[in-house]
Amino acid sequence: QAEKLKLEFGKAIIDSEDKDEKVWLFGDLTIGDRAIPRLAIYQILKARIDELFGIVKKELVEFLNPEELAAGVVLTGGVSRLPKIAEAASQRLGVSTRIGDNPSWVRDDLRKPEYSTVLGLLYYGLTAQNTGEQNIKKSGILSKVANMFNL
């Protein structure tokens, strides 16, 4: 239920008009359903976002110089679907931040940000072995994976 609330009502930075809003736990008005302040969801998310980008900043501090990182940071993965996450990351990391996009050659049903890492690993695995004139033997499941990338 927490995941559903996060996806439906969560934001990385809350708007002033959302602070007083209440959302329903289940949304079906049955026994046990209750209103929850949207501010409470935001406070929980803010703590996790601050923790996440605090760890990133600590580990990558030497690479986060805005003058040397002109392109900024690109966010991928499921967290990138959270509204205003790029702004929150930019504030915490001190560099420009944007949401990444899966390449157009990835099938539409696999273009969700949460698939970015596995798609990148699959693509790397398929193309790293396909150097020069060698060709991947495309049979069975490998053929299906290769077709996702138009290889």
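**Close-up views of a predicted model**

**Figure 1. Confidence and overall make-up of the predicted protein.** The protein averages a pLDDT of 83, and 85% of the residues score at least 70. Where pLDDT is low, the predicted coordinates should not be read in detail. The model is predicted, so local features need pLDDT of at least 70 and side-chain atom pairs count only at pLDDT 80 or more, while totals for chains, interfaces and linings use all residues. Residues are numbered from 1 along each chain as its sequence is written, and side-chain values use heavy atoms, with hydrogens and water left out. The secondary structure comes to five helices and four strands, which run α-β-β-α-β-α-β-α-α from the N terminus on. Helices (H or I, at least four residues) and strands (E, at least two) are DSSP runs, numbered from the N terminus.

**Figure 2. The largest nonpolar core.** A nonpolar core is a set of buried Ala, Val, Leu, Ile, Met, Phe, Trp, Tyr and Cys residues joined through side-chain atoms within 4.5 Å. Buried means under 20% relative accessible area, exposed over 50%, and partly exposed in between (1.4 Å probe, protein chains only). Of the 19 residues in this core, Leu5, Ile49, Phe53, Ile85 and Leu93 touch the most other members. At least two core residues come from each of α1 (2-9), α2 (38-60), β3 (73-75) and α3 (85-93). Not counting residues up to four places away in sequence, Ile49 touches Ala12, Leu82, Ile85 and Ala88; contact means heavy atoms within 4.5 Å.

**Figure 3. Helix α2 and its cover.** The 23 residues of α2 reach 32 Å from the first C-alpha to the last, close to the 33 Å expected at 1.5 Å a residue. The expected span is 1.5 Å times one less than the number of residues in the helix. Buried residues in α2 are Arg38, Ile41, Tyr42, Leu45, Ile49, Phe53 and Gly54. Their cover includes α1, β1, β2 (35-37), β3 and α3. Ala40 is also found in α2, but Ala40 is partly exposed, with a relative accessible area of 28%.

**Figure 4. Ile36 in strand β2.** Ile36 lies in β2 and is buried, at a relative accessible area of 17%. Leaving aside neighbours within four places in sequence, Ile36 is in contact with Leu5, Glu21, Lys22, Val23 and Leu25. Ile36 and Leu5 are 31 residues apart along the chain, and their C-alpha atoms are separated by 9.9 Å.

**Figure 5. Two buried polar residues in loops.** Asp15 lies in the loop between α1 and β1 (22-24) and is buried, with a relative accessible area of 16%. The side chains of Asp15 and Lys11 are joined by a polar contact of 2.5 Å. A polar contact is a pair of N or O atoms within 3.5 Å; within protein, one must be able to donate a hydrogen and the other to accept it, and residues adjacent in sequence count only if both atoms are side-chain atoms. Asn102 is found in the loop between β4 (97-99) and α4 (116-128) and counts as buried at 9% relative accessibility. A polar contact of 3.2 Å links the side chains of Asn102 and Ser116.

Conventions:
pLDDT = per-residue confidence, 0-100.
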